[in-house]
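Student: I've got this one open on my screen and would like to talk through its side-chain contacts. Can you walk me through them?
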Amino acid sequence: LLSLLREMLMEVRWDNPERVRQLVRKEIADLENAVISRGDRFSRTRMGAQLHLSGWLSEMTSGVSYLAVMRELLPRVEKDWPSVLADFRALHGLLVHQKALRVSATTDGTALRSTVLPELKQNFIAALPAGPSGATEVASQGPSWAEVKLLPKKNEALVVPTRVNYVGKTGSLASVGYTPTGATIVVARFLENGLAGQSGCHYSGAGA
């Protein structure tokens, strides 16, 4: 397993722009289809990006903003592959090295000391680049998540080719003194499924 993981991280083929183009085009097509069939999810993700960091991160990696990024990436892959390749390699260099590594292993104490740790050190960690000088210090002194600017709180309308309208309204429960718990998710799912079954419509609830 470690050998496979090492191969995935360290033996990436960067010389196949056609494969990257196919992956980007497929990602765009999947996202565009999802906007039509699951507009409620995109609406919820978009509103969450106005309220909290996790919502913003979801929007940037799976929402409408992510779709926009993929659409911008496609012509770059087709017409300016060297710049895309440089970005890929720079990102790979920032993420894949020993100083950026965090290991989470579930095992008993004896196996951890006798097998797991030696195997990790010899066959996996040692194969990774040491990392740029001062990488740990730079990471700790760089921009923090607290500096992320959430999406502005405003009304939005997204025009998509579908006969179904997805309307969302959001608010922060924390701002009125409520602290969400596991029960909050259970109640939200119960109401969502119950209302959908009674009315034939899809309702979606989210708390922050």
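Predicted model: local features only at pLDDT ≥ 70, side-chain atom pairs only at ≥ 80, totals over all residues.

Student: Okay, how many salt bridges does the structure hold?
Tutor: There are 10 salt bridges.

Student: Which residue does Arg71 form a salt bridge with?
Tutor: Its partner is Glu32, and the closest N and O atoms are 2.8 Å apart. That pair links distant parts of the chain, since Arg71 is in helix α5 (residues 64-79) and Glu32 in helix α2 (residues 17-37), 39 residues apart. Helices here are DSSP runs of H or I with at least four residues, strands are E runs of at least two, and both are numbered from the N terminus.

Student: Is Arg71 buried or exposed, or partly exposed?
Tutor: Arg71 is partly exposed, because its relative accessible area is 45%. Glu32 also counts as partly exposed, at 31% relative accessibility. The cut-offs: buried is under 20% relative accessible area, exposed is over 50%, and partly exposed is in between, using a 1.4 Å probe and protein chains only.

Student: What about Arg44, which residue is its salt bridge with?
Tutor: Arg44 pairs with Asp40, with the closest N and O atoms 3.8 Å apart. Both sit in helix α3 (residues 39-48), 4 residues apart, or about one turn of the helix. Asp40 counts as buried because its relative accessibility is 9%, whereas Arg44 is partly exposed at 26%. Salt bridges with shared partners also join Arg38, Asp40 and Arg44 into one network.

Student: And Asp15, what does its side chain meet?
Tutor: The side chain of Arg13, in a salt bridge of 3.2 Å, N to O. Asp15 and Arg13 are both exposed.

Student: Switching to rings. How many aromatic pairs are there?
Tutor: The count is 2. Rings of Phe, Tyr and Trp (its six-membered ring) pair if their centres lie within 6.5 Å; planes under 30 degrees apart are stacked, over 60 edge-to-face, and the rest tilted.

Student: Where do the rings of Trp14 and Phe88 fall, and why?
Tutor: Their centres are 6.0 Å apart and their planes at 35 degrees, so that pair is tilted. Trp14 is in the loop between α1 and α2 and Phe88 in helix α6 (residues 81-95), so the pair links distant parts of the chain, 74 residues apart. Trp81 and Phe88 are edge-to-face, because their planes are at 75 degrees, with centres 6.2 Å apart. Ring pairs therefore link Trp14, Trp81 and Phe88 into a cluster.

Student: Are those residues buried or exposed?
Tutor: Trp81 is buried, with a relative accessible area of 15%. Trp14 is partly exposed at 22%, and Phe88 is partly exposed at 25%.

Student: Last one: which ring does the charged end of Arg41 sit over?
Tutor: The ring of Phe42, 4.3 Å from its centre. The rule is NZ of Lys or CZ of Arg within 6 Å of the ring centre and within 35 degrees of the ring normal.

Key
Residues numbered from 1 in each chain as written. Heavy atoms only, no water. Salt bridge = Lys/Arg side-chain N within 4 Å of Asp/Glu carboxyl O.
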